[in-house]
Amino acid sequence: MLTFVARRALAAVPVLLVASFLSFWFVRVTVDPTAKVRQSRDPQAVARLRERLRLDEPVVVQYGVWVRDALRGDLGTSERTGEPVSRMLRRALWTTTQLLLWGTAAAALVAVAVGVYSALRAGGVADHLLTTLAFLGLAMPPFWFGLLAIQILAVDLTRWLGLSEPLFGFVGLHSGDGSGFTLDYLRHLVLPVMTLTVGIVAEWSRFQRASMVEVLAAPYIRTARAKGVPRSRLVVRHALRNALLPLVTVMALDVGLLFGGVIVTEQIFSIPGMGRLFVESLRVGDAPVLVAWTVVTAAFVIAANLVADLAYGFLDPRVRPR
Amino acid sequence: MNGPAAAASPVLRVEGLSVVLPGPHGPVRVLDGVDLRLDAGRTLGLVGESGSGKTTTALAVMGLLPPSARRTGAVTLGGVALHTADERTMTGVRGRRIAMVFQGSLGALNPVMRVGDQIAEAITVHRRIGAAELRDRVHELLSDVGIPDPWRRADQYPHELSGGMRQRVSIAMAVANDPEVLIADEATTALDVTVQAQVLDVLRRIQERRATAILLVTHDLGVVAGLADRVAVMYAGRIVEEGPVDALFARPGHPYTAALLAALVRLDRPVPPGTRPVAIPGSPPRLDEVPPGCAFHPRCPLALLPEPCGRAVPEAQVATPARRVACHRGAEVLSGRLDPLPVEQRAPVAATVVSTARGVGPASGPPLLEVEGLVTVFPVRGGWRRRVVGRVEAVAGVDLALAPGEALGVVGESGCGKTTLARSVLRLVEPTSGSVRIHGVDVLRAERATLRRLRRRAQIVFQDPEASLDPRMTVAAIVAEPLRIHRLWDADAPQRVRDLIGMVGLDAGHLDRYPHELSGGQQQRVAIARALATGPELLVLDEPVTALDPSVRAGVLNLLADLRAELGLGYLLIAHDLAVVARTCDRVAVMYLGRVVETGPVAEVFSTPQHPYTQALCSAVPVPDPAVERTRRRILLEGDVPSPLDPPSGCRFRTRCRRADERCATEVPVPTDRGGGHLVACHHPGPEAGWGS
């Protein structure tokens, strides 16, 4: 078990190296870091910057320097804010992690519930209705969904109910300078989490439904029925656990997709997380931030897949790593 | 089998049971007025081919039909009407008073639940029980069904158990609450014969100990002969005949039963030379197009057409107090006034259609196929870098020779390497070492062009015709393809395709059809025609009739026999069914864990087997004759086939052999001639006392 995790962590190293090199390379190719000092009155400014960033040397050498510094814990300073990149990332990652954790948890709960319910009533009215809703969710662009949600659930609903302040927050994760796990925090989470997960809830519920329908037709379900296992126990003990197996894999793969969703969601709801950091850094070509952002994101996705594999082994004795 | 005095009261009664399922072209009546009666402590065999409705009957009794099914008729279990019971009541009855064992596949047990927990669940859903008592009960059940080391096994998952072991667990689960009725639905079908013999033995013992009534659902008449007191035969959703097992086997009253019995090959009674088993024409009807009148009439030699057989559905007639036959001519058949067996009227195959036709029967001369020291090893990869962590010697040094026109059967249980052997011979898998020569040409060292020419002369027919025929090609295109590949396509080729189709007993009307429009037997005939297209001298037949219904098998086997006689083909026939080899082949090779343990003329090997494994294998095959089956001595093998990853040293069979001593553990036995080309690879060969005829 421990060796399995260690091996997987080791296997992640080349992935991280390739990801960081590619992003480093792309940023160097597309963004000229000397652009902002071009207007400087100091005639040596450009040359000094070129020397400091070793821009005259091959990209591989520049990358090597970056790796060396990164291993020492120095990810450089932001060209936009002058702040250390590691500190900016830590702050943004914590915010985004909250969104992702709540999002994944809520999406998984809703999707599994909807999927199981549809599968048990496959072909019925409820099943058709939920299927339609799922396709609507898949088809709706998240940014539009977010704006609609703000308009209807925050603005209109608040007015209809005659409340003095919005029922759900839609700027940041807390009102004012608030912090911590409070009711205010939860009210701020609802809309961003919905916007972030509308697509994957739809996808996962379809997946869970298909998987559940298949499992319910499996011979071992018939065996259990022949034993006299009542329906509720049949669904929970025998069908659900087996039906979750394929979903776990899909969920892990979709964490990468969620990072894309975070960019849109954080923009709409002004949440200072990884998504916003990315957009703001991209706008001004803040190379140190962008490269570090890619590496952190890649590491996050790899970790999510590792967790999924461990969960899979926990759920399915057949693939348990020995 | 046991029958004390109290056995006359019916514990399960099925009356007028009909089931209608929705189909793509309207409702389909899959069961039509089924009547059954199962007495306490007795065994009723329910026999039929695929699609005859036997499993539907079992599921209908259990109330496990899909929700879309409409069921009518009455099912009574010990005075309780199950057909009117609601789901809640049925949940309480299932597993407690009536239990079911399904066909043993990996899927029959929940893969993510320990087997001990699955057995325990069968108890806890029906009654409250303390944890310690429950654990003891689970272990008691596991040892009851003959699972050694139950404490360890209970904590394992289904994939960690062998097929035979899983089936024992299923039985343990089913009998956990001492049900009055146990339904075994093809419970031993997926198992090897030696394991089947073990599992049948478990059923027998359980019945003796607990006086459980068993409804034995199977297509295998041999299994029924050994276990059942009464037999009901199903055809196209109806019971066509029912009666005591001895009387029914001795004198079948329905032409279908008679034909099924006649089509069987019995290992204990070799086919007399010059005769052939009678094949039933056609194939079982699909349930959405059951013929009017008697469903069997298109295949029946006694059918009176159009009246009454083609018009009126025959009612079950009570012929004698104990027997019912649903046949318009059943009374005449039972009284002996009519012989129900069809007269074989098949035109001989025209020998002229294939230019490469040769002499008939085994000929002397240089061998057609020589296999020497053949080894095929599959690497087992594992771990993080997919390194080779083990080797499976699927074929571990096999020597074989096949004369032109000779048929050699290779038998053995699953995992013994027979299919790998077949594929290695044609280099469909790459052997590791050894040599294979076809007409003296080395197959393993052949260049591309040589190999191509060789494949023209050696063709293969696979087990599952539905999977081995391209579903998007017409029959004509399938049969023509080898001709095109081998650049034999010329002006005569279309005629040759028509001739080939005729040779395998199909007609030109089939040429434009697609495989899915044909029955299984017809599909396999197309596969044979395709194999014959290039005029080969050697056919490798890998389980050619295993996927076919019993009533269709005889026809395909007869065809293979005819083709060999007409075309002088050499056959290398792979089969797990000894009877198929007994009927079709001149010689047989018995394989165990990658090695040939015994080889020789079919009649000799099967009547006086010298190797302990062959003896056990022959003894495990159920004989479709109740009188013989009840009295004959059986050799039950212990345990399962060892893992091919780590085969036993010396003689690979020694771990399950009763004659094994120290020498067997150290020295690999060399095949020795026991006379007349009968080779045995054993340190202690010799006939088993009390076995053989």
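Two residues are in contact if their C-beta atoms, placed from the backbone, lie within 7 Å. By that criterion, 69% of the contacts in chain A with a separation of 6 or more come from residues 24 or more positions apart. This is a predicted model, in which local features need pLDDT of at least 70 and side-chain atom pairs count only at pLDDT 80 or more, while totals for chains, interfaces and linings use all residues. Residues are numbered from 1 along each chain as its sequence is written, and chains are lettered from A and ligands numbered from 1 in the order in which they are written.

**Chain A**

- Chain A has 11 helices and 0 strands, where helices (H or I, at least four residues) and strands (E, at least two) are DSSP runs, numbered from the N terminus.
- The C-alpha trace of chain A spans about 85 × 60 × 35 Å along its principal axes.
- Chain A has 322 residues, of which 33% count as buried (20 or more other C-beta atoms within 10 Å of the residue's own, with C-beta atoms placed from the backbone).

**The sheet of chain B**

- In chain B, 8 strands form an open sheet with mixed pairing, in the order β18-β19-β20-β15-β21-β22-β24-β23; two strands pair if DSSP finds at least two bridges between them.
- Its edge strands, β18 (458-461) and β23 (672-673) of chain B, each pair on one side only.
- Strands β15 (residues 407-411) and β21 (residues 587-592) of chain B run parallel and are joined by 4 bridges.
- B:V410 has B:A589 in β21(B) as its bridge partner.

Notes
A residue is buried if 20 or more other C-beta atoms lie within 10 Å of its own, exposed if 12 or fewer, and partly exposed in between; C-beta atoms are placed from the backbone.
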